[in-house]
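Subject: Structure handover

Hello,

Here is the structure, with notes on what turned up in it. Please read them with the model open.

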Protein chains: 4
Amino acid sequence: MADPRIQRSPGASAGAGIRPARKLGRPPQVKAHDTRRRLLDIARGVYAERGYEAATNKEIADLAFMTTAALYYHFPSKRDLYLAVHDDARDQVYTRFEEVLDTSQSFADQFLTILMATHDLNEEDPTLAQFLAAARTDMKRRMDLQQALLERASHRDQFFERIIDAGVRSGEIAPENRALVQVFITAVIAGMTDALSDDQSIHLRAIEAVRAALAGDLVQPPKTRRKRAS
Amino acid sequence: MADPRIQRSPGASAGAGIRPARKLGRPPQVKAHDTRRRLLDIARGVYAERGYEAATNKEIADLAFMTTAALYYHFPSKRDLYLAVHDDARDQVYTRFEEVLDTSQSFADQFLTILMATHDLNEEDPTLAQFLAAARTDMKRRMDLQQALLERASHRDQFFERIIDAGVRSGEIAPENRALVQVFITAVIAGMTDALSDDQSIHLRAIEAVRAALAGDLVQPPKTRRKRAS
Amino acid sequence: MADPRIQRSPGASAGAGIRPARKLGRPPQVKAHDTRRRLLDIARGVYAERGYEAATNKEIADLAFMTTAALYYHFPSKRDLYLAVHDDARDQVYTRFEEVLDTSQSFADQFLTILMATHDLNEEDPTLAQFLAAARTDMKRRMDLQQALLERASHRDQFFERIIDAGVRSGEIAPENRALVQVFITAVIAGMTDALSDDQSIHLRAIEAVRAALAGDLVQPPKTRRKRAS
Amino acid sequence: MADPRIQRSPGASAGAGIRPARKLGRPPQVKAHDTRRRLLDIARGVYAERGYEAATNKEIADLAFMTTAALYYHFPSKRDLYLAVHDDARDQVYTRFEEVLDTSQSFADQFLTILMATHDLNEEDPTLAQFLAAARTDMKRRMDLQQALLERASHRDQFFERIIDAGVRSGEIAPENRALVQVFITAVIAGMTDALSDDQSIHLRAIEAVRAALAGDLVQPPKTRRKRAS
DNA sequence: TATGAATGAGATTTCATTCAT
DNA sequence: TATGAATGAAATCTCATTCAT
């Protein structure tokens with residue numbers, strides 16, 4: 001009763017998700033709060049696996065050992081549940097990003113640190129990346145979910161903006177390359193999340209590839225093998 | 001070649017296209033092949049916009065000014081229509097790729113040529129990229145669509161394999177970097193398709209960024225080591 | 001016991017029962033068990049009248065003053081509803097058979113008692129016989145209903161086997177006639193159910209005919225040989 | 001071309017049906033006539049197997065190597081095709097009955113001769129009995145098919161009426177047993193067609209049982225073994 | 001806080017039928 | 001005589017949501 005640990009149904013394949021410790025002041029409606037937490041985690045897995053349309057309240061409710069009617073006590077609609085899951089997932093990711101960010105590093109190292117953080121998160125709970133990848137698609141599709149996409153995009157942009165700013169200040173990024181770096185980051189993060197997050201070893205290799213690319217070591221100019229650093 | 005894309009009335013979000021009442025029986029002067037082609041194009045757009053689950057036969061049929069029953073004359077099921085659209089889209093893309101490929105170019109140039117081809121295709125018909133991006137997600141979700149995914153993946157892998165091989169032979173790609181280049185390509189193509197193909201100018205900028213990254217010019221090592229290899 | 005059969009308005013042939021608009025949500029004072037019982041009775045009538053294929057969920061739901069969706073709350077599919085009706089009907093019949101069976105009677109009397117029981121059942125609820133007659137045909141047609149047919153056949157065979165056994169023991173049935181009596185019973189029961197159960201007075205006459213046939217009094221050898229065996 | 005033999009598609013399981021030789025005067029629309037004949041035979045098999053509702057024009061057309069549209073050249077509707085099949089089947093049966101009927105026989109022998117004729121017909125083309133059994137059910141179900149049922153019933157009743165009349169005249173049937181014999185015949189014919197015609201050896205046994213029943217030999221009175229003939 | 005029993009809207013699919021060719 | 005390309009009506013089933021309990 002006092003333990004807020006999430007109970008997951010045995011069949012639920014979705015990862016448990018590391019929750020940041022919540023401070024427990026007075027325990028009003030503790031149960032409701034816990035149930036909500038459990039629903040968010042379960043729903044994330046289902047949405048990740050099936051997508052917004054194909055996910056059904058019934059499957060989520062079943063995994064939570066409830067009826068669909070009970071869902072409506074905690075969330076006023078499917079849409080609201082989805083958005084709540086989305087906000088929760090986004091918070092988890094950016095909270096982690098903030099935690100691992102070391103502003104004293106070089107731009108490239110900071111970026112790679114972030115990529116490693118996504119790797120670690122994926123290890124801890126694969127549904128996070130899966131959900132966020134799926135959400136990109138789902139949000140585009142449903143007008144009623146778009147608003148959340150916009151918030152999220154700005155969230156992300158602001159975050160990477162800071163890193164890029166630092167890179168520009170330190171001289172790593174030529175000012176005229178600012179915009180290029182930004183789309184590069186966007187493409188790489190999206191691509192890795194969407195196409196590679198299913199296989200952790202490939203995901204890791206992709207991080208290595210990005211490191212090489214940023215270092216200019218991925219490919220050499222042809223012919224006149226401009227040997228660098230000798 | 002620049003086919004006349006179906007015009008969707010702006011307000012028409014779903015199922016709005018009202019079919020003008022037509023009489024029973026065979027319509028005059030209509031050939032199945034043309035209708036099939038039209039359906040593929042229309043369906044591609046709808047699948048791209050809504051995804052497999054959310055797309056309805058009704059919307060597709062409405063846009064083609066038919067009944068849903070008529071759809072079933074041309075395709076035996078929703079799934080078959082989807083797969084037909086998929087094969088058609090894939091063929092269009094790889095046909096174009098083959099057309100523009102110049103094997104005498106350097107690896108980087110070949111890769112960039114391919115990226116430019118995606119850009120051009122996107123210009124001619126944005127639904128192609130949108131559909132293929134959406135398909136990546138949809139296929140993951142539906143077991144019954146997976147088989148087609150596998151074919152497609154191998155198709156893509158083989159294509160880029162050839163370019164990479166050429167790069168290795170020419171010395172641009174160090175043999176030990178082979179695998180890195182491959183995941184890099186996968187991530188970049190997926191990321192650009194999924195996250196950037198909605199805005200052509202940003203898409204173009206991403207191509208520029210990739211060029212810079214391959215040339216080692218996107219970022220510089222921090223601080224002092226400004227001049228590389230000279 | 002004489003359950004209040006559902007009244008179908010005479011003109012209502014199919015789908016005519018218009019459900020009075022009821023509000024959303026749970027209706028007050030309704031229990032699933034009662035609804036289920038009502039559905040079984042209504043569905044039996046509809047299946048009897050139309051057969052499995054031609055019977056529609058809509059007609060059943062209309063007669064029960066529900067939506068078709070509500071049907072699915074009680075039975076997971078049309079097939080399941082049908083089989084439930086079948087099991088229910090079979091149980092009603094054989095329960096009655098067991099009730100009226102008097103093993104101290106002669107074989108002929110036991111058989112006639114059973115026939116009278118079918119007559120009484122038909123009086124109380126004609127849909128029972130009608131359904132079971134129709135089911136014989138429907139089951140042959142649909143592979144997916146066959147399994148239930150097998151169970152039922154064995155049920156019936158076992159029941160009559162017992163009566164026949166008794167007849168053999170008492171000497172009424174010559175051991176070599178065992179198999180003949182068995183097919184005779186099958187044919188007569190099936191024939192009476194299928195062809196005569198629509199008219200109770202004819203049905204009664206058929207019972208009388210069977211009594212006469214078993215007593216050897218239905219027909220006499222032709223012409224002179226009036227006294228048999230001389 | 002000159003051979004009017006019915007071509008049956010390899011998959012068509014339905015028996016070929018013995019057609020009485022048609023006299024071929026001038027051959028106007030010979031092909032249409034043959035096609036019609038072929039369709040009747042094929043349709044009979046399909047209706048027998050699936051029943052009226054579940055049988056589709058498509059299946060019939062496929063087996064006849066045609067399109068459904070072509071069906072409509074020969075029969076104006078599904079209903080008409082069905083009724084045509086029915087009339088044809090009935091004619092085949094009663095034609096055979098007339099052929100085998102020997103009015104000099106005793107009533108019992110005439111009846112058994114008829115039963116043997118059904119057995120032979122079943123041997124030659126099982127779809128005949130299957131169709132007629134199924135038709136009994138289908139006709140009851142569809143108001144629009146009822147009319148044909150009535151005709152058929154009277155047809156049958158008249159036929160057996162004649163045999164029974166002869167039995168009454170010869171003294172085999174007591175005048176007061178007339179009605180009993182009639183329902184007995186109806187029940188037995190129906191029961192054998194519906195429940196036993198799938199297995200020829202059981203069907204034969206049923207004929208034997210009827211013979212025994214009519215002879216008063218199927219069962220003996222219990223106990224006081226009223227030994228007849230003493 | 002949750003369940004139980006429903007609704008209404010809509011999806012995919014099937015099928016008899018039509019009419020130009 | 002037949003095919004080809006459609007229609008319209010309906011059927012089964014699913015699902016988000018509701019409201020009494």
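A salt bridge here is a side-chain nitrogen of Lys or Arg within 4 Å of a carboxyl oxygen of Asp or Glu. With that rule, the side chains of C:Asp138 and D:Arg141 form one, at 3.0 Å from N to O.

Some ground rules first. This is a predicted model: local features need pLDDT of at least 70, side-chain atom pairs count only at pLDDT 80 or more, and totals for chains, interfaces and linings use all residues. Residues are numbered from 1 along each chain as its sequence is written, chains are lettered from A and ligands numbered from 1 in the order in which they are written, and side-chain values use heavy atoms, with hydrogens and water left out.

**Chains C and D**

Contact means heavy atoms within 4.5 Å. On that basis, 51 residues of chain C meet 52 residues of chain D. About 4,200 Å² is buried between chain C and chain D, and carbon and sulfur atoms give 66% of it. Buried area is the accessible area (1.4 Å probe) that two parts lose on being put together, summed over both. On the chain C side, C:Arg141, C:Leu218 and C:Val219 lose the most area to chain D, together 16% of what that side buries.

Chain C and chain D share 3 salt bridges. There are also 11 residue pairs in polar contact between chain C and chain D, both residues at pLDDT 80 or more. A polar contact is a pair of N or O atoms within 3.5 Å; within protein, one must be able to donate a hydrogen and the other to accept it, and residues adjacent in sequence count only if both atoms are side-chain atoms.

Which helices of chain C each supply at least two residues of the side that touches chain D? They are H1 (32–50), H6 (126–141), H8 (178–196) and H9 (200–215). H8(C) gives the most, with 13 residues. Helices (H or I, at least four residues) and strands (E, at least two) are DSSP runs, numbered from the N terminus. By type, the chain C side divides into 26 nonpolar, 10 polar and 15 charged residues. Ala, Val, Leu, Ile, Met, Phe, Trp, Tyr, Cys and Pro count as nonpolar, Asp, Glu, Lys and Arg as charged, and the others, Gly among them, as polar.

Now the symmetry. A rotation of 179° with 0.1 Å of shift along its axis superposes chain C on chain D, RMSD 0.3 Å. That is the relation of a two-fold axis. Copies are superposed by least squares on the C-alpha atoms of residues with pLDDT of at least 70 in both. Of the interface residues of chain C, 96% are also interface residues in chain D, so the copies meet through the same surface.

**Chains A and B**

Here 53 residues of chain A are in contact with 52 residues of chain B. Chain A and chain B bury about 4,200 Å² between them, 66% of it on carbon and sulfur atoms. A:Arg141, A:Leu218 and A:Val219 supply 17% of the area that chain A buries against chain B, more than any other three residues. The salt bridge count between chain A and chain B is 3. A:Asp198 pairs with B:Lys140 in a salt bridge, the closest N and O atoms being 3.9 Å apart.

**Within the chains**

Over all chains, 82 salt bridges are found. In chain A, a network of salt bridges links A:Arg37, A:Asp41, A:Arg44, A:Asp88 and A:Asp125.

In chain D, look at D:Arg142. D:Glu53 forms a salt bridge with D:Arg142, with the closest N and O atoms 2.6 Å apart. D:Glu53 lies in the loop between helix H1 (30–50) and H2, and D:Arg142 in the loop between helix H6 (126–141) and helix H7 (143–170), so the pair ties together parts that are 89 residues apart in sequence. D:Asp144 also forms a salt bridge with D:Arg142, at 3.3 Å between the closest N and O atoms.

Buried means under 20% relative accessible area, exposed over 50%, partly exposed in between (1.4 Å probe, protein chains only). D:Arg142 is partly exposed at 24%, and D:Glu53 is partly exposed at 30%.

D:Asn57 is in helix H2 (residues 57–63) of chain D. At 14% relative accessibility, D:Asn57 counts as buried. Its side chain makes a polar contact of 3.2 Å with the side chain of D:Tyr72.

Best wishes
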